[in-house]
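Here is a short report for a reader meeting this structure for the first time. Please look over the sequence and the structure before reading on.

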Amino acid sequence: MDWALQITDLSQGTFLALVAITFVAGIVRGFSGFALSALVMASAATFLAPVLLIPILWFLEMSASLMMARAGIKDADRGVAMLLVAGSVIGWPLGLWLTLSMQVDTSRAVALSIIVVLAVLQLGKVRIPGLPSKAGTLTPGILAGIGSGLAHVGGMVIALYVLSLGSAARSMRGTLVLFLFASGFFSLFIQLGFGTMTTTAAARGLLLIPPTLLGVWLGTKLFIPRWESYYKPFCLSLLIGLASLGLIRTQIV
């Protein structure tokens, strides 16, 4: 334990809290297919700055995406996914610049507010008009990149986009998986350029991969098809509750 605390530069309480949070977030990702980063951000941003969580979440999302990539990418709409990735590459630096420009309390409030808004929009099944065009595809990609740079919730933006397209469920899931994997590759270099992906951040992310993947594996085992329609509303409601509590706490402290 001591060596883990030393290389991550975290207190024992913070490290164990992150292990527990990433394990639970992995379970949610395993049975619902989304919300890993959003759940970690909503839970951990109250005690760790968003800019410190973003590089950690890169490792967790990439490892989870690798588990799902083989089964999902073959069903993706690759043309749409690549346009979304191109937009994300444009938006990521802007989002990260905004995060670095803010005070920690402000960036925390912004990150939690974004999670609440996106979760409410998904829970309400809000559809975005005017998307079947190149510009209509590139724009959500840019917004996803900004959301990722601010709170690592680009996947939730893209989930809203694919929901609005009304595509087949397998194609929607595959497109989302391909986007997360490909945009993650490019975002690594953006984070290196901004200096947020440090050796300490990498150590934190790598050590949190095992509990995350254990949670993902357990979540897939807990998945019960007849309850599928309840998973997404439950996860979105959980995100709204956690992020709202975090916002209240930031205003009180």
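## Ground rules

Helices (H or I, at least four residues) and strands (E, at least two) are DSSP runs, numbered from the N terminus. This is a predicted model, in which local features need pLDDT of at least 70 and side-chain atom pairs count only at pLDDT 80 or more, while totals for chains, interfaces and linings use all residues. Residues are numbered from 1 along each chain as its sequence is written, and side-chain values use heavy atoms, with hydrogens and water left out.

## The chain as a whole

The chain has eleven helices and zero strands. Along the sequence the pattern reads α-α-α-α-α-α-α-α-α-α-α.

Burial is judged by relative accessible area: under 20% is buried, over 50% is exposed, and in between is partly exposed (1.4 Å probe, protein chains only). The chain has 253 residues, and 53% of them count as buried. Contact means heavy atoms within 4.5 Å. Take the contacts between residues at least 6 apart in sequence: 83% of these join residues at least 24 apart.

Ser 101 lies in helix H5, which covers residues 78-101. Ser 101 is partly exposed, with a relative accessible area of 47%. A polar contact is a pair of N or O atoms within 3.5 Å; within protein, one must be able to donate a hydrogen and the other to accept it, and residues adjacent in sequence count only if both atoms are side-chain atoms. A polar atom of the Ser 101 side chain lies 2.7 Å from the backbone oxygen of Trp 97.

Thr 99 is also found in helix H5. Thr 99 is buried, at a relative accessible area of 4%. The Thr 99 side chain reaches the backbone oxygen of Gly 149 at 2.8 Å. Leaving aside residues up to four places away in sequence, Thr 99 touches Val 51, Ile 54, Ser 107, Gly 149 and Leu 150.

## Helix H2 against H3

Axes are lines fitted to C-alpha atoms, for helices over the stretch in contact, and angles run from 0 to 180 degrees between N-to-C directions. Helix H2 (residues 12-32) and helix H3 (residues 36-44) pack at about 150°, with axes 9 Å apart. A crossing is left-handed if the near helix is turned anticlockwise from the far one by less than a right angle, and right-handed if clockwise. H2 passes H3 in a right-handed crossing.

On the H2 side, the contact includes Leu 18, Ile 21 and Val 28. Ala, Val, Leu, Ile, Met, Phe, Trp, Tyr, Cys and Pro count as nonpolar, Asp, Glu, Lys and Arg as charged, and the others, Gly among them, as polar. The contact of H2 with H3 divides into nine nonpolar, three polar and one charged residue. Why is H3 described as largely enclosed by the rest of the structure? Nine of the nine residues of H3 are buried. Among them are Ser 37, Met 41 and Ala 42.

## Helix H2 against H10

H2 also meets helix H10 (residues 199-222). Their axes come within 6 Å and cross at roughly 35°. H2 passes H10 in a right-handed crossing. The H2 residues in this contact include Phe 15, Phe 23 and Phe 31. Leu 207, Pro 211 and Leu 222 are among those in H10. The residues of the contact of H2 with H10 divide into 13 nonpolar, seven polar and one charged.

Rings of Phe, Tyr and Trp (its six-membered ring) pair if their centres lie within 6.5 Å; planes under 30 degrees apart count as stacked, over 60 as edge-to-face and the rest as tilted. A search of the whole structure finds three aromatic pairs. The rings of Phe 185 and Phe 186 have centres 5.4 Å apart and planes at 80°, so this pair is edge-to-face. The rings of Phe 185 and Phe 189 have centres 5.4 Å apart and planes at 75°, so this pair is edge-to-face.

Phe 185 and Phe 189 are four residues apart in helix H9 (residues 169-194), so about one helical turn separates them. Ring pairs link Phe 185, Phe 186 and Phe 189 into a cluster. Phe 185 is partly exposed at 46% relative accessibility. Phe 186 is partly exposed at 39%.

## Two positive phi angles

Most residues other than glycine have a negative phi. Asp 9 has a positive phi, near 55°. Asp 9 sits in the loop between helix H1 (2-8) and H2. Asp 9 counts as exposed, at 58% relative accessibility.

His 152 has a positive phi near 55°. His 152 lies in the loop between helix H7 (134-151) and helix H8 (154-165). Is His 152 buried or exposed? His 152 counts as buried, at 11% relative accessibility.
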